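Please find below a briefing on the structure shown here.

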Amino acid sequence: MERKAIFPQRGLPYLLLAPQLAITLVFFFWPGGQALYMSVLEQDAFGGTLNFVGLDNFRHLFADPAYRDVLWRTAYFSIAVVVLAMAPALLLAAMVDRVLKGATAYTVAMVVPYAIAPAVAGVLWLFMFNPSIGVLAFWLKALGLDWNPALNGNHAMLLVIMASAWKEVAYNFLFFLAGLQAIPKSLLEAAAIDGAEPLRRFWTIVFPLLSPTTFFLLVVGLVYAFFDTFGVISAVTEGGPATATETLVYKVYYDGVHALDLGSSAAQSVVLMLIVIALTIVQFRFVERRVHYS
Amino acid sequence: MSSGEAAAPGSGRDGLAHVVLWAGIAITAFPLYVALVASSLTPQAIAQAPMSLLPGPELYANYRDVLVKGLSGSYLSPPVWRMLWNSLVMAVTITAGKISISILSAYAIVFFRFPGRMLCFWLIFLTLMLPVEVRILPTYEVVTKLGLINTMTGLTIPLIASATGTLLFRQFFLTIPDELVEAARIDGAGPLRFFKDVVVPLSATNIAALAVILFIYGWNQYLWPLLITTDNRLDTIVVGIKKMIGTGDAATDWNLVMATTVLAVLPPALVVVLMRRWFVKGLVDSEK
């Protein structure tokens with residue numbers, strides 16, 4: 001889409017674009033290019049010359065069982081976070097959509113966690129589930145569970161999943177609610193007159209009509225689970241115990257900043273870049289379709 | 001399942017919805033409630049598991065302590081007012097910076113024709129594919145070379161470029177009627193005049209909506225400040241809280257940490273609640 005009426009100046013637009021382009025080139029493309037460049041180099045054993053090694057860094061990366069573990073862990077962590085953040089959000093949005101009173105108040109109360117930083121959300125949950133002083137840890141122990149996320153990898157994973165999902169419900173809730181409110185009421189009334197039960201109406205009419213929203217939230221949720229949960233993991237477990245809660249982003253951070261493994265870290269960055277590109281393409285293709293057909 | 005029941009209000013079905021919603025709010029609010037209560041207790045009262053779920057008497061003392069003195073121990077934190085100030089400066093600079101540079105670049109791309117226009121657009125668009133997480137080390141090196149480590153400039157400037165704002169303004173500018181542009185040209189108004197007198201005022205709601213989202217984004221930054229600052233005096237409140245808990249053992253002064261946590265949540269939460277309409281608009285727009 002283009003405008004017809006425009007201004008004739010030739011130099012001015014470059015001036016207007018200069019600040020954005022300068023920052024983009026210096027802080028995005030230069031380092032991005034460096035990551036690509038470093039991913040095909042290897043520093044020799046004495047830390048001196050850099051040699052071109054082609055795709056060796058990637059071959060080593062995918063041959064490393066530890067990295068394959070991280071890939072799987074990131075996959076199930078992300079799926080768990082996305083599902084746990086979407087299912088309750090849909091239920092709550094459907095409930096707000098049907099109540100006659102208090103919808104605004106409920107909505108306001110429900111969206112507050114969106115404002116909370118992932119790292120802070122992590123600290124809130126860490127405090128409740130701290131094995132020695134946590135309120136909820138106390139009850140888990142009272143029920144006979146030997147709860148200790150500092151030592152037990154599964155407990156730690158559960159904790160970061162819950163904290164990450166808790167924060168993201170608000171976002172999904174708002175989009176589901178908007179989606180539900182856009183469904184023509186006449187459609188549901190017609191179904192009701194035909195005798196369809198509420199639950200049946202939901203699964204046969206409402207849910208299919210919500211599928212564009214659901215798909216969109218799935219993609220955004222995956223981006224969140226892959227990247228933004230770094231704060232939760234860093235604050236709650238630092239990837240531990242051992243590597244039980246280490247995701248792709250946490251590993252690239254740890255290997256680069258703490259372990260200083262440059263070649264591997266660069267190769268990992270490139271893998272992440274490909275994931276972002278794939279998710280962005282999916283997201284934009286979908287948005288285009290929504291614009292065309294709705 | 002929305003208004004099918006409208007014909008029979010109070011039929012008991014709404015009752016179930018309210019019960020589900022209250023349960024949802026309870027789960028949403030519980031972690032925040034626990035933090036608020038803990039921030040009013042003594043460390044001893046918290047250590048005595050399970051801690052009370054009713055507020056204690058230390059609320060004022062705890063908040064005064066963290067705000068004025070900060071925490072002592074393994075992490076010598078600056079006073080929390082200083083962290084709040086750092087977070088505020090960071091959030092406001094990022095918000096104002098992102099909006100300014102993205103509205104200018106969108107204006108250039110939509111209202112002018114010049115060689116390299118599409119290239120510029122795609123360069124900006126491609127930044128979507130390069131979040132900090134995929135270029136951690138090289139970005140750190142760039143910031144070091146420029147001497148921006150441990151500076152507020154290093155903390156904010158690299159974050160103010162992003163495609164989202166430019167895409168949003170571009171979308172909106174395409175809807176400004178051609179007649180307005182032609183009228184301005186007939187009146188002899190140049191592009192800068194048109195920008196100042198027509199485009200910016202017309203964009204006011206978009207700017208407000210984007211500002212709400214960006215303020216929260218800036219306030220909640222974590223990985224970037226963690227990378228770029230080692231000087232405690234530059235700690236934002238989100239990073240400060242992480243440093244306070246250290247390894248999360250019982251020696252942490254949880255009452256003070258929770259007071260700090262409540263202070264960290266309050267500003268962005270107030271922005272969301274008080275500017276709810278703009279917040280929702282910003283959220284929906286920035287995902288288009």
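**Chain A overall**

In this predicted model, 45% of the 294 residues in chain A are buried, a residue being buried if 20 or more other C-beta atoms, placed from the backbone, lie within 10 Å of its own, exposed if 12 or fewer do, and partly exposed in between. Because the model is predicted, local features need pLDDT of at least 70 and side-chain atom pairs count only at pLDDT 80 or more, while totals for chains, interfaces and linings use all residues. Residues are numbered from 1 along each chain as its sequence is written, and chains are lettered from A and ligands numbered from 1 in the order in which they are written.

- Chain A has 13 helices and two strands; helices (H or I, at least four residues) and strands (E, at least two) are DSSP runs, numbered from the N terminus.
- The radius of gyration of chain A is 24 Å, whereas a compact globule of 294 residues would have one near 19 Å; the radius is taken over C-alpha atoms, and the globule rule is 2.2 Å times the number of residues to the power 0.38.
- The C-alpha trace of chain A spans about 80 × 75 × 30 Å along its principal axes.
- Of the contacts in chain A with a separation of 6 or more, 68% are between residues 24 or more positions apart; two residues are in contact if their C-beta atoms, placed from the backbone, lie within 7 Å.

**The largest nonpolar core**

- The largest nonpolar core has 172 residues, and those touching the most other members are A:Ala93, A:Val120, A:Trp125, A:Phe127, A:Phe173, B:Ala38 and B:Ile241; such a core is a set of buried Ala, Val, Leu, Ile, Met, Phe, Trp, Tyr and Cys residues joined through C-beta atoms within 7 Å.
- Helix H7 (residues 153-181) of chain A supplies the largest share of this core, 17 residues.
- Domain 1 (12-68) and domain 2 (80-285) of chain B each contribute at least three residues to this core; the domain bounds come from an automatic or database domain assignment.
- Leaving aside neighbours within four places in sequence, B:Ile241 is in contact with A:Ala119, A:Val120, A:Val123, B:Val257, B:Thr260, B:Thr261 and B:Ala264.

**Contact between the chains**

- In chain B, 88 residues are in contact with 92 residues of chain A.
- Helix H1 (residues 13-38) of chain B gives the most to the side of chain B that touches chain A, with 14 residues.
- That side of chain B comprises 63 nonpolar, 14 polar and 11 charged residues; Ala, Val, Leu, Ile, Met, Phe, Trp, Tyr, Cys and Pro count as nonpolar, Asp, Glu, Lys and Arg as charged, and the others, Gly among them, as polar.

**Domains of chain B**

- The C-alpha centres of domain 1 and domain 2 of chain B lie 32 Å apart.
- In chain B, 16 residues of domain 1 are in contact with 13 residues of domain 2.
- Five residues, the largest share of the side of domain 1 of chain B that touches domain 2 of chain B, come from H3(B).
- By class, that side of domain 1 of chain B has 11 nonpolar, three polar and two charged residues.

- A:Glu238, although not a glycine, has a positive phi of about 50 degrees, and lies in the loop between helix H11 (230-236) and helix H12 (248-258) of chain A.
- A:Glu238 counts as partly exposed because it has 17 C-beta neighbours inside 10 Å.
- B:Asn150, also not a glycine, has a positive phi of about 60 degrees, and is found in the loop between helix H6 (136-145) and helix H7 (152-156) of chain B.
- B:Asn150 counts as partly exposed because it has 14 C-beta neighbours inside 10 Å.
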